[in-house]
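The sequence and the model are shown first.

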Amino acid sequence: MVGTKDLEAHFEFECKACEDGRCSKADVESILAERKGLKDFYEAFKEHIRECKRMTYGQYMFVIDREVLPEAVLWWHNHPKFKETHMSTAVGTDERPLNGHFAYMPFLNVQVEPFKMDENYWVFLKVYTPADDPSFPSVAAKLPAALWIEREVKDLLGFKPVGHPDPRRLILPEDFPDGVYPLRKDMDYRHSPITEPRTEYRETPEGTTLVPMGPVHAGVEEPAHFRLFVKGEKIVDVDYRGFYSHRGIEKTGEGRLTYNQVLFLAERICGICGYQHSVSYAMAVERLADVEIPDRARYIRTLLLELERIHNHLLWVGIAAHLVGYDTGFMHAWRIREPVMWLVERLTGNRKQYGMNIVGGVRRDLLDYRKEEVLKVVKEIREGTKKFLDIALNTNTFIKRAEGVGILPYKVAKAYSVLGPTARASGRKIDARLDQATKTAMAYHEVDFKVPVYKEGDVLARVLVRMDELFESLWIVEQLIDQMPDGDIFTPIGNLPEYQEALGFTEAHRGEVVHYVMTGEKNKVYRWKVRAPTYNNLPAVPEMLKGYHVADAPIIIASIDPCYSCTERVQFVDVETGKVKVLTEAEFNELSIKYKGVF
Amino acid sequence: MALDIVKLGFSLAGILIMLLLPPYLDGIARRVKARLQYRRGPPLMQTWYDLQKLFALPSVRPTKSALFTWAPYIALASAISAALLLPYGNVVPVDFGFNLVVFFYVILMVSVALMFAGLSVQNAFSHLGSAREMQIVLTVEPLIAVLYGVLAYNAGSLNIADIIANLHATPSVILTYILLAYALYVESGFVPFDIAEAEQEVIGGPLTEYSGRLLGVFYYAIHIKRFTLLWFFVSLLTLPWLGPIGTPGRAALALALQFILTVSFYPVIAALEATNARLRIDQVVKMNTRAFFAGIIILAMAFMGW
């Protein structure tokens with residue numbers, strides 16, 4: 001048990017100002033009065049709350065006793081008034097060098113009212129566990145949304161979620177030695193893989209046959225292993241094993257790179273939604289530094305985010321068509337998409353991985369005469385897509401394969417905290433662009449757009465949601481170009497406060513991306529946690545697959561627009577030798593020094 | 001003996017067409033599909049190049065089963081024998097008694113070889129593909145049998161040449177043509193009916209474990225089978241209505257007509273393929289069952305003399 005006293009001793013950070021709400025001495029009453037619901041939560045869990053503070057605008061943290069963790073998370077997740085509230089994910093941190101404890105912190109996207117960014121907020125529920133007993137009662141036993149994250153902190157930090165229904169390995173490879181936890185700060189790098197890899201697959205249920213979709217399968221673009229248990233062609237149950245593209249990015253970012261270097265690493269998390277990650281990360285650091293970035297920078301960021309969404313949705317609809325054998329749709333969708341790639345190459349210098357961001361703004365200005373080009377491309381895309389949809393949605397066989405397939409009911413979507421277009425196709429009214437205060441880094445509150453929501457929850461609904469969104473994005477781009485303000489594009493950041501936390505987030509094409517950053521000393525990052533939307537969407541896929549045909553599996557899996565490399569960030573495995581090789585701290589420092597000034 | 005030389009010549013032409021044309025037809029289809037997708041597309045010879053390359057490569061054999069090795073050759077032999085039973089001009093290279101029945105079975109043998117090939121290896125996708133092939137065969141073959149029945153009843157013969165010579169246009173025959181077009185399209189396994197070999201779903205189905213020469217032989221067999229079914233349909237469509245084909249000149253004209261129609265039907269098929277998504281097996285089974293009952297009604301109509 002962690003007592004209040006133990007904690008207080010370690011929270012004497014030099015906070016900027018108590019009125020800021022950021023430190024333990026701030027006025028609790030005034031903080032709780034800021035948003036609806038905070039007070040109620042405080043009243044309900046009074047005896048168990050050790051501390052409450054505002055981390056930054058619209059982000060509140062409660063330090064609570066670990067015994068009440070599941071109740072506290074469920075209190076928010078199942079809040080009767082705030083219907084779309086969901087558990088976003090959690091962060092596990094090794095805070096032993098700071099206060100001798102491990103910290104586990106689920107956080108929730110609280111939606112007082114959908115699409116009202118100044119009323120909604122994030123709630124962080126932090127739990128401290130003693131260094132010799134890092135256990136906490138499992139939330140996953142009652143809330144499937146926590147299934148993966150608890151397995152993750154078990155793998156990477158050695159936490160023990162007591163009562164977890166499925167405590168198998170999630171992230172680490174089968175031959176990873178026991179008792180080595182990569183995200184602990186005292187991780188020993190000299191361990192070798194164990195000689196006898198242990199696989200932990202689920203038993204094939206009686207009377208079914210196993211169809212292994214993956215680790216490499218023509219219908220899935222990246223390595224992922226779905227083990228379909230089928231009767232005839234009907235899927236009875238599914239087991240998932242993934243994380244084959246786990247790269248240890250979080251560990252790389254922590255403690256060695258400076259905050260601006262991490263930004264470029266963040267952009268390389270994903271080949272498709274890289275800019276979303278980069279903006280999320282930049283936003284988190286900007287929140288920490290408490291700077292306001294210039295309007296023009298916000299507009300340029302938003303413009304690129306939307307262009308990224310446009311090309312992603314076209315890419316996705318192409319793949320979806322390909323997976324049901326409709327190759328003409330595939331080719332045309334990608335043909336329509338290509339001008340966007342050329343356009344962003346003109347604007348940023350790169351087709352992908354724009355390298356446009358920097359903490360505090362953007363690196364390149366948008367030349368005024370390029371505006372014409374953007375508008376021209378937008379027009380082209382709109383016409384092309386309209387024609388494409390006209391043909392694709394009138395292709396009887398395509399509709400037959402998409403309609404009524406892979407249905408995800410609203411309740412399941414909510415229980416798994418499914419995000420993005422997948423959630424919106426199941427009737428969830430969520431969109432992080434408007435739900436949470438993106439206004440510090442982006443310009444969504446200054447443009448007008450609708451968020452399409454469908455109720456059917458099948459593959460067709462997911463297609464339609466994305467296509468409606470595409471047109472909205474085109475409209476946003478036109479508005480942004482029209483309203484583009486003048487001015488600077490960059491604000492210098494200066495030094496970051498030490499050991500402060502904040503969250504950055506965007507609505508990527510697949511759902512809400514969150515980057516949690518805890519600063520360390522000397523402008524380094526102490527803990528960086530990335531959660532891509534697929535991390536929440538993928539655990540729900542087995543639910544969508546059950547009861548459908550093997551033939552439907554590829555399109556159902558693809559319908560959430562999975563991105564495995566995004567999801568599987570976090571350990572180095574040398575692919576050539578198969579040996580686990582992690583750079584030593586010295587090597588890392590060398591790298592950082594070598595590339596200093598490059599960024 | 002002069003007549004025999006003419007017959008020999010036509011048979012030879014038929015054999016050449018049947019062996020050389022099918023990969024070119026696939027080349028046409030690929031080109032048409034490419035154009036519909038705003039691509040330039042491969043040269044017409046591309047399918048031949050592909051086959052040439054495959055024939056030159058050794059195959060990986062994942063099983064000791066002899067069936068695995070023999071199945072492609074059985075399929076090829078069946079496809080070729082089926083093609084030999086069809087008329088080229090007015091000459092049927094292998095002409096005997098009730099060769100329509102033989103044609104039906106020999107074409108079926110290609111699917112059967114494919115099915116057994118898939119079942120001869122330990123691979124879930126092969127098995128799934130074979131099971132799908134079986135379901136398609138089980139639902140489409142009865143339909144084809146009924147339609148052949150209508151034709152045979154109408155012409156009063158089970159010999160393909162006789163049927164062509166004696167067919168007379170009645171409503172039931174016209175309906176049979178329509179359903180036959182559907183049934184043969186399904187049997188050929190074009191999109192949306194390429195379910196057994198669906199690449200994205202069952203990564204090639206029965207062909208999953210095949211590589212190199214054996215795969216090439218299978219592909220060749222499948223191309224010839226598709227050509228054969230189309231040639232059969234085209235022959236039924238043209239030859240009965242040309243009047244008596246007595247002279248070699250008229251026969252050559254008939255052959256040219258068959259050839260041109262076959263080649264010009266392929267772009268239509270390619271366009272159908274390009275504008276459709278693949279169906280699911282249960283959907284196809286349902287469609288085939290409906291078509292079967294329609295076939296029964298047509299048969300009844302034929303018996304009534306309509």
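Domain bounds are taken from an automatic or database domain assignment. The model described here is predicted. In chain A, that assignment gives domain 1, covering residues 4–162, and domain 2, covering residues 271–566. Taken over C-alpha atoms, the centres of domain 1 and domain 2 of chain A are separated by 27 Å.

**Contact between the domains**

Where domain 1 of chain A meets domain 2 of chain A, 28 residues of domain 1 are in contact with 34 residues of domain 2. On the side of domain 1 of chain A that touches domain 2 of chain A, the elements giving two or more residues are strand 1 (49–56), strand 3 (86–95) and helix 6 (147–157) of chain A. Strand 3 of chain A gives the most to this side, with six residues. The composition of this side of domain 1 is tabulated below by class.

| Class, side of domain 1 of chain A touching domain 2 of chain A | Number |
|---|---|
| Nonpolar | 15 residues |
| Polar | 10 residues |

**A pair of packed helices**

Two packed helices are described by the angle and the distance between their axes. The axes of helix 10 (residues 295–323) and helix 11 (residues 327–348) of chain A come within 7 Å and cross at roughly 165°. Because angles over 145 degrees count as roughly antiparallel, helix 10 of chain A is roughly antiparallel to helix 11 of chain A. The crossing of helix 10 of chain A with helix 11 of chain A is left-handed.

Among the residues making the contact are Leu304(A), Leu307(A) and Ile310(A) of helix 10 of chain A, and Phe330(A), Ala333(A) and Trp334(A) of helix 11 of chain A. By class, this contact of helix 10 with helix 11 of chain A comprises 16 nonpolar, four polar and two charged residues.

Conventions:
Residues numbered from 1 in each chain as written. Chains lettered and ligands numbered in written order. Predicted model: local features only at pLDDT ≥ 70, side-chain atom pairs only at ≥ 80, totals over all residues. Contact = placed C-beta atoms within 7 Å. Helix = DSSP H or I, 4+ residues; strand = E, 2+ residues; numbered from the N terminus. Nonpolar A, V, L, I, M, F, W, Y, C, P; charged D, E, K, R; others polar. Axes fitted to C-alpha atoms, helices over the stretch in contact; angles between N-to-C directions. Parallel < 35°, antiparallel > 145°, perpendicular 65-115°, else oblique. Left-handed = near helix turned anticlockwise from the far one by under 90°.
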